Amino acid sequence: MTSKYQIKNIDLSPKGENSIYLAESRMPTLARIRRRFEKEKPLKGLTIGACLHVTRETGVLAQTLKAGGAKLALCGSNPLSTQDDVAAALVKEGFNVYAWNRNDSEYYNCIKSVLDHKPDILIDDGADLIVIAHKEKKTLLESILGGQEETTTGVNRLRVMHERNALNIPVIAVNDAIVKKMFDNRYGTGQGVVSAIKALNILFAGKTVIVAGYGPCSWGMATRSRGLGANVIVTEVNPIRALEAVMDGYRVLPMEKAVLEADMVFTSTGCKDVVVGKHFKNMKDGVILANLGHFNIEISVKDLEDVSSKKKRIGEYVDEYTFSNGKRLYLLGEGRLANLVVIGGHPSEIMDLSFSVQALTAEFLIKNRDKLEHKVYTVPNEISEEIAKVKLETMKINIDSLTEEQEAYIKSFEIGT
Ligand SMILES: NC(=O)c1ccc[n+]([C@@H]2O[C@H](COP(=O)([O-])OP(=O)(O)OC[C@H]3O[C@@H](n4cnc5c(N)ncnc54)[C@H](O)[C@@H]3O)[C@@H](O)[C@H]2O)c1
């Protein structure tokens, strides 16, 4: 069957095939699921609509869902994160793809094109697909079995919809699976921000890095920055998270004070206007700004343009803003997810975990389709445990197991004397 598509250039497919092939070799957990899916076809006859960053790893997920018997229509979850060669390779493989890098003005039309395929399951990253289905394609909702949400901001949006009685499908919060959030958000984003900054070949040692927010993404960014010798300052609004940052050994300051010392500022809060005009005005010369949160609302690009007097593109994804006094600030990736825009997203080994959760969650949705209500569910812990077990096996790492006596002891409330 020929695929329907809207992409940049189909001739880029050979490069994309190689890219997906390389990612696949680093995603052994998902490969094992794929081999089982090939035999059992748990997704047979289903159409899956997905709004995900169109990266090489998403290509491997697409192949896994296909192996399970599903058809797939895919669009990008960010206008700047699509890898055009991967999009082309997926079209060659028969997937329906509506995504190209810099599709800003067509972003929502691409989502609607995916919904035109009348999907049974929605796999989302940021909740735009599920929200558009609720707002503009309401008739589809009756036949949709459920949704799966990849990221914190998307899960937060969907929980708000549920609180307002506006969520009309069951949704599984893939993001909240331990094996996703504690690895993808933490280690993926942690390494991602360092790689994005290192693309500029800038030294971390001795610099002061401001990390805004202290959720899992920021834990990774803070530890990796400290590991490279930077002094890390955390900003927070939640007292528990702030206390955690203090006890992890970081200085915690309000943003207004923190920016005075900053050499680099990384945001990952899921909140808007975290770094704004008054902060830019008080920064020193040469500060690098990078947002790692889902939407491009954390670092106010509008304010940056207002308070500076000149903007110059000095690298593929680096803009230099010069102020009237000669001070310069540098913004990565136009304020969009810097790790995805600058270096193509998390390492494949990390996405092996996240997309294994997505694949097994699709199977879980099908198996439980008659029981699920219109609310946001967490991924059953057994799925996380199974994925962690297989991942360790593929890494050839053995762990201990409980003896019968130990198991009996744990279950019996006995205490030693
Ligand atoms: N870049 C990536 O590859 C990637 C990967 C996973 C998640 N994300 C996105 O990153 C963001 C953070 O994810 P998380 O899982 O760490 O979220 P989280 O909600 O667990 O943590 C965010 C933290 O930011 C704090 N915060 C909120 N508003 C703030 C403000 N104005 N100032 C200071 N702190 C504030 C919150 O109190 C919270 O502790 C989300 O938007 C998520 O979707 C990005």
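## Packing of α1 and α4

In this predicted model, helices α1 (residues 13-25) and α4 (residues 84-92) pack at about 95 degrees, and their axes are 7 Å apart. Angles of 65 to 115 degrees count as roughly perpendicular, and α1 and α4 are therefore roughly perpendicular to each other.

On the α1 side, the contact is made by Ser13, Lys15, Gly16, Glu17, Ser19 and Ile20. Helix α4 contributes Asp85, Val86, Ala88, Ala89 and Lys92. Sorted by class, this contact has 4 nonpolar, 3 polar and 4 charged residues.

## Surroundings of the ligand

The ligand is surrounded by 31 residues, of which Gly213, Gly215, Cys217, Asn238 and Cys271 are the closest. Helices α7 (152-163), α8 (178-198) and α9 (216-227) are the elements that give two or more residues to this shell. The most comes from α8, with 5 residues.

By class, the shell has 19 polar, 9 nonpolar and 3 charged residues. Both domain 1 (5-180 + 346-394) and domain 2 (187-343) supply at least three residues to the shell.

## The eight-stranded sheet

An open sheet with mixed pairing is formed by 8 strands, in the order β10-β9-β8-β11-β12-β15-β14-β13. Its edge strands, β10 (251-252) and β13 (310-315), each pair on one side only.

Strand β12 (residues 287-291) pairs with strand β15 (residues 328-332) in the parallel sense, over 3 bridges. Opposite Ile288 stands Tyr330 in β15.

Note on methods
Residues are numbered from 1 along each chain as its sequence is written. This is a predicted model: local features need pLDDT of at least 70, side-chain atom pairs count only at pLDDT 80 or more; totals for chains, interfaces and linings use all residues. Axes are lines fitted to C-alpha atoms, for helices over the stretch in contact, and angles run from 0 to 180 degrees between N-to-C directions. Helices (H or I, at least four residues) and strands (E, at least two) are DSSP runs, numbered from the N terminus. Angles under 35 degrees count as roughly parallel, over 145 as roughly antiparallel, 65 to 115 as roughly perpendicular and the rest as oblique. Two residues are in contact if their C-beta atoms, placed from the backbone, lie within 7 Å. Ala, Val, Leu, Ile, Met, Phe, Trp, Tyr, Cys and Pro count as nonpolar, Asp, Glu, Lys and Arg as charged, and the others, Gly among them, as polar. A residue is near a molecule or strand if its C-beta atom, placed from the backbone, lies within 6 Å of it. Domain bounds come from an automatic or database domain assignment. Two strands pair if DSSP finds at least two bridges between them.
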